[in-house]
Amino acid sequence: VRSFLLVAALACAASAAAQTSDPRIALMERAAWNALANGETKTAADIFREALASDPRNAQLHVGAAAAAFADRRDDDAKNEIDRALSLDSKLTPARLLLGLVLHRRGDLLGAIRAYESLAADHAADNTTNATLDRWRREFDLQLRMQQTFGDHFVVSFEGPAEEAVAAKAIASLSRALDRICAVLNTYPTRAIPVVLYTSEQFTDITRAPSWAAGAYDGTIRVPMRGAVDEDAELDRVLAHELTHAVVHTLAASAIPTWLNEGLATALESPDLGWAHEAVARFDPVPLDVLSRSFGRFTGGQATLAYATSALAVQQMLDEAGGIAVANLIRDLGDGVDFDKAFAHRIQRSFEDFEAALHP
Ligand SMILES: [Zn+2]
């Protein structure tokens, strides 16, 4: 939801400040922003790349390429394009807005804060930007107050001594989940995964996740310690779900369809998918295509059906083709292979055929 709003805002700023007198480039630029607003990130990236080949010193086009890369979760590419744009025009507001977001998602909270402070100092920050800056400052203050505990594959941050026992419990739970998930997908993360334990209020404030969200992953696993503290099974479930996203991120450096990512996380969070069968039996199944973008826009009931549909589809893929095939599919998609081609190759049947058989 947020990245969609951002893209719309950037497209607006970009078309107002179009930097070309070449009508062909102007048309391509508009087509690329439209594609991006429709969630067609790869198409947008292709058009920006083509336009840049003809007009490599056009800072607006570099901002577009950066926005497309950011939407596709290729943060290093996004950062390179932003650097190019700012080297051509150091005051370009959309580039500086994106810079903050990219730095924040790469874990450079202080860098992100500095980028938005410089916008505010230049009176180039609107209300949304100022609100984001305030939120990042609160996140930074909280980070300073937090303590850390280390496991073999995890760094867990938590606020007070009272949470120390929960943090230890979280590490034990994550370690068990990691062994299980990595055995299914036959891959192991090579870097320690950051995990932050929040109170419910902190979690809502910092992640702005929908109210039904039990956790979040954005390079860091973020989990609110609500009822979960008292209920080990729920803590295990939430941590295993977010951990699966972290492992997926090590397989694919760019975005994959949401149903595949959420479906895998939901299928691997607990062995019991009875609730998902019930949800899908009660309502009409949702086509997986509809579930390829963020679930953040859904209400609680829609979200349940979206997760159920996705989990059952991925469970079917795991049963038919195995975890290694699913991991290879995710790798291919991360490398930019066409979805239908990658699916047919790795799952050994066409996606159309697979989906038709899911809901006979
Ligand atoms: Zn998830």
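The structure is a predicted model, in which local features need pLDDT of at least 70 and side-chain atom pairs count only at pLDDT 80 or more, while totals for chains, interfaces and linings use all residues. Residues are numbered from 1 along each chain as its sequence is written, and side-chain values use heavy atoms, with hydrogens and water left out.

Helices and strands here are DSSP runs numbered from the N terminus (H or I over at least four residues for helices, E over at least two for strands). Helix α9, spanning residues 164-185, packs on helix α11, spanning residues 232-251, at an angle of about 50°, and their axes are 9 Å apart. Axes are lines fitted to C-alpha atoms, for helices over the stretch in contact, and angles run from 0 to 180 degrees between N-to-C directions. The angle therefore makes α9 oblique to α11; angles under 35 degrees count as roughly parallel, over 145 as roughly antiparallel, 65 to 115 as roughly perpendicular and the rest as oblique. The crossing of α9 and α11 is right-handed. A crossing is called right-handed if the near helix is turned clockwise from the far one by less than a right angle, and left-handed if anticlockwise.

The residues of α9 that meet α11 include Lys169, Ser173, Leu178, Ile181 and Leu185, and among their partners in α11 are Asp232, Leu239, Leu243, Thr244 and Val247. Contact means heavy atoms within 4.5 Å. By class, the contact of α9 with α11 comprises 12 nonpolar, 2 polar and 5 charged residues. In this scheme Ala, Val, Leu, Ile, Met, Phe, Trp, Tyr, Cys and Pro count as nonpolar, Asp, Glu, Lys and Arg as charged, and the others, Gly among them, as polar.

Helix α11 also packs against helix α12 (residues 258-269), at an angle of about 140° and with the axes 8 Å apart. That angle makes α11 oblique to α12, and the crossing of α11 and α12 is right-handed. On the α11 side the contact involves Arg237, Ala240, His241, Thr244, His245 and Val248, and on the α12 side Asn261, Glu262, Leu264, Ala265, Thr266, Leu268 and Glu269. These residues of α11 and α12 divide into 5 nonpolar, 5 polar and 3 charged.

Which residues does Thr244 touch, not counting those up to four places away in sequence? They are Ile181, Leu264, Ala265 and Leu268. Thr244 lies in helix α11 and is buried, with a relative accessible area of 0%. Buried means under 20% relative accessible area, exposed over 50%, and partly exposed in between (1.4 Å probe, protein chains only).

The next topic is the nonpolar cores. A nonpolar core is a set of buried Ala, Val, Leu, Ile, Met, Phe, Trp, Tyr and Cys residues joined through side-chain atoms within 4.5 Å. The largest one has 68 residues, of which Leu243 and Trp259 touch the most other members. Helix α14 (residues 300-321) supplies the largest share of this core, 11 residues. A second, separate core of 40 residues includes Ala65, Ala66, Phe70 and Tyr116.

Trp259 is placed in helix α12 and counts as buried at 2% relative accessibility. Beyond its neighbours within four places in sequence, Trp259 is in contact with residues including Leu288, Phe295, Val314, Met317, Phe339 and Phe351. Trp259 and Ala183 are 76 residues apart in sequence and 22 Å apart in space, C-alpha to C-alpha.

Another helix pair is α6 (residues 93-105) and α7 (residues 109-121), whose axes come within 7 Å and cross at roughly 160°. This makes α6 roughly antiparallel to α7, and α6 passes α7 in a left-handed crossing. The residues in contact include Leu97, Gly100 and His104 of α6, together with Ala112, Tyr116 and Leu119 of α7. The contact of α6 with α7 has 9 nonpolar, 5 polar and 1 charged residues.

A few single residues complete the picture. Asp332 sits in helix α15 (residues 323-334) and counts as buried at 10% relative accessibility. Not counting residues up to four places away in sequence, Asp332 touches Val337, Ala342, His345 and Arg346.

Most residues other than glycine have a negative phi. Arg73, although not a glycine, has a positive phi of about 65°. Arg73 is found in the loop between α4 (59-71) and α5 (75-88) and is partly exposed, with a relative accessible area of 32%. Asn186, not a glycine either, has a positive phi of about 55°, and its place is in the loop between α9 and β3 (193-198).
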